[in-house]
Amino acid sequence: MDEIRFVAATGAVGAGVDRESLAAALERGPQFIAADAGTTDAGPAALGSGVPAFAKDAVKKDLTEMLRAGREGGIPVIVGSAGTAGADIHVDWTLDIVREICAENDLSLKVAVVRSQQDPDYLLEMLAAGRIHPLAPAPVLNEATIRRSVRVVGMMGVESIQRALRLSPDLVLAGRASDSALYAAMPIALGFPEGLAWHVGKIVECGTLACEVRGPGAMLATIRTDHALIEPIGPGLRCTPMSVAAHSLYENADPYLFKEASGTLDLKQAMFEAATDSSVRVSGATFRPASAYNVKLEGAELAGYATVMIGGIRDPFIIGRLDWWLGKMKEYFDHSVRAVLRLNPADYQFSLHTYGRDGVMGELEPERNSAIHEIGVVFEVLAADQRTATEIAKLARQPLLHLPVPEWKGAVTTIAYLHNPPQIERGPVYRFNMHHVVTPRTEEEMFRIESVEIGSRVAVPAVVRTA
Amino acid sequence: MRLDRLASLVRSKNAGPFQLTFDIMFTGADVYQRVKSSKVLNASLIARLYDCELDSVQFFECDNALAFKATIPRRQVQGAFGDPDLHGGQQHAPLMAVEIPH
């Protein structure tokens, strides 16, 4: 086999699969279709609450397109980081969508489900064995952190996807996975160079984002023994050596070195050349195997429950002494929380964002003292339960509304609340609590595979084509 | 001249929940080289603008992409209570105003 070809259907399942482009890519004889369905960039809420960040109907639409194309081409579909965060609840949510799709389209599928959620007892055992190590910068991770976590997932690499592919499934549905690994798994299993396979995975995993201007479409990749071709499929899409090289910067800390579970992708010697007017030839990437197999952990814990109030300030006298005024407000507020609710400052947190002044950058804002005529105030309080958070917010409502301003004599109303009632219950708030890797004894002990048959008919196994 | 007049893109973004990364990109090799040779963009500048330890700043000159890149620890973990920028996408404005001498 001297080349392998595959398709990235979209940058994220739920962000949109373009049917025509996928059909056009299918005509080029790809050996699999893949896309990731998750990211930590959506924030800790998806992992903590179990609720995916993408709309269910959008995910269903994209999965339908991908599964239809997979069936039509007789090739497997690989989906990773199911349901945004890739924990069991997210995998099951996605599996239910697949069941709906099969029922509605008279499809039958063999699904290889790869689970990535980690049992707290297992993590405690790994911690005690000294097998959990921090990345930089990392919060403290101890027994309590593990016990407090609502969910923890491990990020799988190519090995688990490869094991799933050995079951000859129509669909690999993986929990949390390295996006690039979804693409690199089969090429590496077939003996293509690891550096090229990972590099190509990195380029196509965001879909058409590696194009000059992104748009609806798919990415077609062809890996050969000493180079690879990256070709966008979609109206007006164009990849250039610059656009592909520049994409390696996006959302990554280091533009040259990428840590994966089994080693490090090194792009320092990577070459990017125009193959055609819209496609790019890449070569030169290397992959250095790690001395140990290290799995990145992602965990979320409950921080508390929040209640929010939004308002605006337009009076120049208040704006002119805003920090003083907000300081007075906090003083009064802390006092009344203590007097009325008998809570100590340690029992709650509050955050105040003053939009129009420094709401986005906080103390880093260089224009903090520029002239302002209006300020948006977002007041937020966090407490152990929703009722307490809302009670505290209600206590803050009055001081924000009527706190005196020295420039005025007489009663003043100092904030324009947007809503009635002003407070909005935001519900549970989560936080990421791990930036660590674990070195398991075996890959299998962290990532578990089961084969699930969906649909009434006997599933026709997908054939992995060989040249 | 201000950096935002020279660059094709100045952006910030999360690099995972614990880091924030900045990309400063150019379309022409000559402009990129001019900015590079000015030596204005470096780790100390980032440390000063974003009030972080110099040795916590990763700084890269990416010749093949005509880009500069810097990565710093996030001041608040992404999405934590009080974090004002979930995606880290609006933290780049101070870089736009950086003056590049002729």
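This is a predicted model: local features need pLDDT of at least 70, side-chain atom pairs count only at pLDDT 80 or more; totals for chains, interfaces and linings use all residues.
The domain assignment divides chain A into domain 1 (4-116 + 155-294 + 439-464) and domain 2 (302-432). The C-alpha centres of domain 1 and domain 2 of chain A are 44 Å apart. Contact between them involves 4 residues of domain 1 of chain A and 5 residues of domain 2 of chain A. On the domain 1 side, these residues comprise 2 nonpolar, 2 polar and no charged.

Chain A also has an open sheet of 10 strands with mixed pairing, in the order β12-β13-β9-β8-β1-β2-β3-β7-β4-β21. Strands β12 (271-274) and β21 (448-454) of chain A are at the edges and have a single partner strand each, so one side of each has no neighbour in the sheet. On average, neighbouring strands of this sheet are turned by 25° against each other, direction ignored.

Within this sheet, β3 (residues 77-84) and β7 (residues 171-174) of chain A run parallel and are joined by 3 bridges. A:Val79 has A:Leu173 in β7(A) as its bridge partner.

Two helices of chain A lie against strands of the sheet, as the table shows.

| Helix of chain A | Strands touched or crossed | Angle |
|---|---|---|
| α9 (residues 194-204) | touches β1, β8, β9 and β13 | about 170° with β8(A) |

Between the chains, 32 residues of chain A are in contact with 35 residues of chain B. The elements giving two or more residues to the chain A side are α10 (241-247), β15 (295-313), β16 (348-355) and β19 (423-432) of chain A. That side of chain A consists of 19 nonpolar, 9 polar and 4 charged residues.

Key. Residues are numbered from 1 along each chain as its sequence is written. Chains are lettered from A and ligands numbered from 1 in the order in which they are written. Domain bounds come from an automatic or database domain assignment. Two residues are in contact if their C-beta atoms, placed from the backbone, lie within 7 Å. Ala, Val, Leu, Ile, Met, Phe, Trp, Tyr, Cys and Pro count as nonpolar, Asp, Glu, Lys and Arg as charged, and the others, Gly among them, as polar. Helices (H or I, at least four residues) and strands (E, at least two) are DSSP runs, numbered from the N terminus. Two strands pair if DSSP finds at least two bridges between them. Axes are lines fitted to C-alpha atoms, for helices over the stretch in contact, and angles run from 0 to 180 degrees between N-to-C directions.
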